[in-house]
Amino acid sequence: MGVDHGAGRDHTRKASAMAKTGLSSRSWWWRCDGCDSEVGFQAAVGSRGVAHFILDTLTPSDWNQSTLVVDCQRCGAHKLRIRYEFPRASPEFVTVLHIVGVGPDPTGYLPMLWETRFDSDPEGSVFDFKYLNGRSTLGLTKPAVVSQDQLRRLLRLYRERTGVAQFP
Ligand SMILES: [Zn+2]
């Protein structure tokens, strides 16, 4: 998939341009908070992409949040996290902090609650609902539809997996 291991502003701009072209292989990647290096899913976690990672690693781990932070092969720091570009008039880069989900159900529908951090607000975090339908990443850019029961389970799972007692 041709992800190079460069770092810095130029690389970030290139990633932005590539993400805009809709190249799914470059729309989701991993970035080290320590040395800014960026790598693809294969290099970071041996996975073919974000959907494969969620279905083959995160879901079977029962949403173990420690799978969302891995060692950086460049600087050794335990600071590699999933990264993507949030489409706005002026594109924003987003770092994934937490993901929990319920399912997938027999049809393959997997609604999730994501907590992310925008570069423009490095101390804050925001929440949104995304979904997977099988291994299609289409639902990762659309809001999930959840029942009251699914919503309750997502919020409870978030509390359990992050150790945050009071949420929301
Ligand atoms: Zn690093």
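Ser27 is buried, with 20 other C-beta atoms within 10 Å.

Confidence was examined next. The mean pLDDT of the protein is 87. Of its residues, 85% reach 70 or more. Residues 1-11 have a pLDDT below 50. In the model this stretch has 15 contacts beyond near neighbours in sequence. Residues 13-25 also stay under 50. Here the model has twelve contacts beyond four places in sequence. Where pLDDT is low, the predicted coordinates should not be read in detail.

The secondary structure comprises five helices and six strands. Along the sequence they follow the pattern α-α-β-β-α-α-β-β-β-β-α. Of the 168 residues, 26% count as buried. Among contacts between residues at least 6 apart in sequence, 47% join residues at least 24 apart.

The six strands form an open sheet in the order β2-β1-β3-β4-β5-β6, with antiparallel pairing. The edge strands are β2 and β6, each of which pairs on one side only. Helix α4 packs on the sheet and touches β1, β3, β4 and β6. The direction of α4 makes about 90° with that of β6. Helix α5 also packs on the sheet, where it touches β4 and β5. The direction of α5 makes about 100° with that of β4.

Strand β1 is largely enclosed by the rest of the structure, because five of its five residues are buried. Both of its faces are covered. Trp28, Trp30 and Cys32 are buried on one side, and Trp29 and Arg31 on the other. In a regular strand the side chains alternate between the two faces of the sheet. Five bridges join β1 to β3, and the two strands run antiparallel. Within this pairing, Cys32 has Leu80 of β3 as its bridge partner. Two bridges join β1 to β2 (residues 38-39), again in antiparallel fashion. Trp30 stands opposite Val39 in β2. Strands β1 and β2 form a hairpin with five residues between them.

Further along the sheet, seven bridges join the antiparallel strands β4 and β5. Gly101 stands opposite Met112 in β5. The loop between β4 and β5 holds Pro104. The peptide bond from Gly103 to Pro104 is cis, with omega near 5°.

The largest nonpolar core has 31 residues. Those with the most contacts inside it are Trp30, Val50, Ile54, Ile99, Val100, Met112 and Leu113. At least two core residues come from each of β1 (28-32), α3 (41-45), α4 (50-58), β3 (80-86), β4 (92-101), β5 (109-118), β6 (126-133) and α5 (148-162). Helix α4 gives the most, with five residues. Leaving aside residues up to four places away in sequence, Ile99 touches Leu58, Leu68, Met112 and Trp114. In soluble globular proteins, nonpolar side chains tend to be buried together.

Helix α5 has 15 residues. From its first C-alpha to its last it reaches 21 Å, close to the 21 Å expected at 1.5 Å a residue. Gly163 follows α5 and has a positive phi, near 75°. Pro168 is in the segment after α5. A cis peptide bond joins Phe167 and Pro168, with omega about 0°.

Most residues other than glycine have a negative phi, and most peptide bonds are trans. Asp36, in the loop between β1 and β2, has a positive phi near 70°. Asp36 counts as partly exposed, with 16 C-beta neighbours inside 10 Å. Asp62 lies in the loop between α4 and β3. Its phi is positive as well, near 60°. Asp62 is exposed, with 10 other C-beta atoms within 10 Å.

Conventions: Residues are numbered from 1 along each chain as its sequence is written. This is a predicted model: local features need pLDDT of at least 70, side-chain atom pairs count only at pLDDT 80 or more; totals for chains, interfaces and linings use all residues. A nonpolar core is a set of buried Ala, Val, Leu, Ile, Met, Phe, Trp, Tyr and Cys residues joined through C-beta atoms within 7 Å. A residue is buried if 20 or more other C-beta atoms lie within 10 Å of its own, exposed if 12 or fewer, and partly exposed in between; C-beta atoms are placed from the backbone. Helices (H or I, at least four residues) and strands (E, at least two) are DSSP runs, numbered from the N terminus. Two residues are in contact if their C-beta atoms, placed from the backbone, lie within 7 Å. pLDDT is the predictor's confidence in each residue, from 0 to 100. The expected span of a helix is 1.5 Å times one less than its number of residues. Two strands pair if DSSP finds at least two bridges between them. Axes are lines fitted to C-alpha atoms, for helices over the stretch in contact, and angles run from 0 to 180 degrees between N-to-C directions.
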